[in-house]
Amino acid sequence: MREARVEDRHTGWPSTAELRRARPEEADALSALAVRSKAHWGYDTKFLDACRDELTLTPEFVREEEVYVLSAAGALVGFYSLARWNADIELCHLFVEASAIGKGAGRLLWEDAVRRAEGMRYERLLIQSDPFAEGFYLRLGADRIGEVPSQALPGRVLPLLVYPLREP
């Protein structure tokens, strides 16, 4: 396990937070966190219901894939997952508890995901971003390279971003 500092003087967060591999028994809690995080952007219940399958993690997924959580004071604050996408690696999930959005947790998760992807020797990290999260990824150095169809809602498209992990 690795401890990482969460720097935020204004929120009352503990000075340290734990970044660790997710446990299969946390799948339901992580799925619920993903829904709360997505709801933060003002999506209605009908939209969230349409996205529920995409936002649901199973114990098998957590056991078999690269899923990492950030916890503070014993509570789950956020998580991310990485999965191979052809010759690249994809950031499949990056969700932060709605009450922690804008307080440094997303950046901490992002930096950990990038380090892990680099350690796996991938050249590019791909992101199918929620439109509301696109600015976050662009500020961190990702570039928009196109769009992909949403799997949850026919006709909806999502920004496709890339973050270089190594110089070409």
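Is E66 buried, partly exposed or exposed? I find E66 partly exposed, with a relative accessible area of 24%. My cut-offs: buried is under 20% relative accessible area, exposed is over 50%, and partly exposed lies in between (1.4 Å probe, protein chains only).

Ground rules, before I go on. This is a predicted model, where local features need pLDDT of at least 70, side-chain atom pairs count only at pLDDT 80 or more, and totals for chains, interfaces and linings use all residues. Residues are numbered from 1 along each chain as its sequence is written, and side-chain values use heavy atoms, with hydrogens and water left out.

**Overview.** I get 5 helices and 8 strands for the chain; these are DSSP runs numbered from the N terminus, helices being H or I with at least four residues and strands E with at least two. The order along the sequence reads β-β-α-α-α-β-β-β-α-β-α-β-β. Of the 168 residues, 46% count as buried.

**Helix α2.** I looked at residues 45-55 next. In this helix F47, L48, C51 and L55 are buried. Seen down the axis of α2, they fall within an arc of 85° (taken from the directions from the helix axis to the C-beta atoms), so they line one face of the helix. I noted the general rule too: an α-helix has 3.6 residues a turn, so residues three or four places apart point the same way. The face turned away from the buried side carries exposed T45, K46 and D53. What covers the buried residues? The cover includes α1 (27-39) and β5 (88-96). At the start of α2, a side-chain oxygen of D44 comes to within 3.3 Å of the backbone nitrogen of K46.

**Salt bridges.** My search of the whole structure turned up 13, counting a side-chain nitrogen of Lys or Arg within 4 Å of a carboxyl oxygen of Asp or Glu. Back to E66: its side chain meets that of R21 in a salt bridge, 4.0 Å from N to O. This pair links distant parts of the chain, E66 in strand β3 (residues 66-72) and R21 in strand β2 (residues 16-21), 45 residues apart. R21 is partly exposed as well, at 36% relative accessibility.

I also checked D130 and R156, whose closest N and O atoms are 3.9 Å apart in a salt bridge. Both D130 and R156 are buried.

Last entry: salt bridges that share partners join E18, R20, R23 and E26 into one network. Within it, E18 and R20 pair at 3.6 Å between the closest N and O atoms.

Definitions and conventions:
Contact means heavy atoms within 4.5 Å. A polar contact is a pair of N or O atoms within 3.5 Å; within protein, one must be able to donate a hydrogen and the other to accept it, and residues adjacent in sequence count only if both atoms are side-chain atoms.
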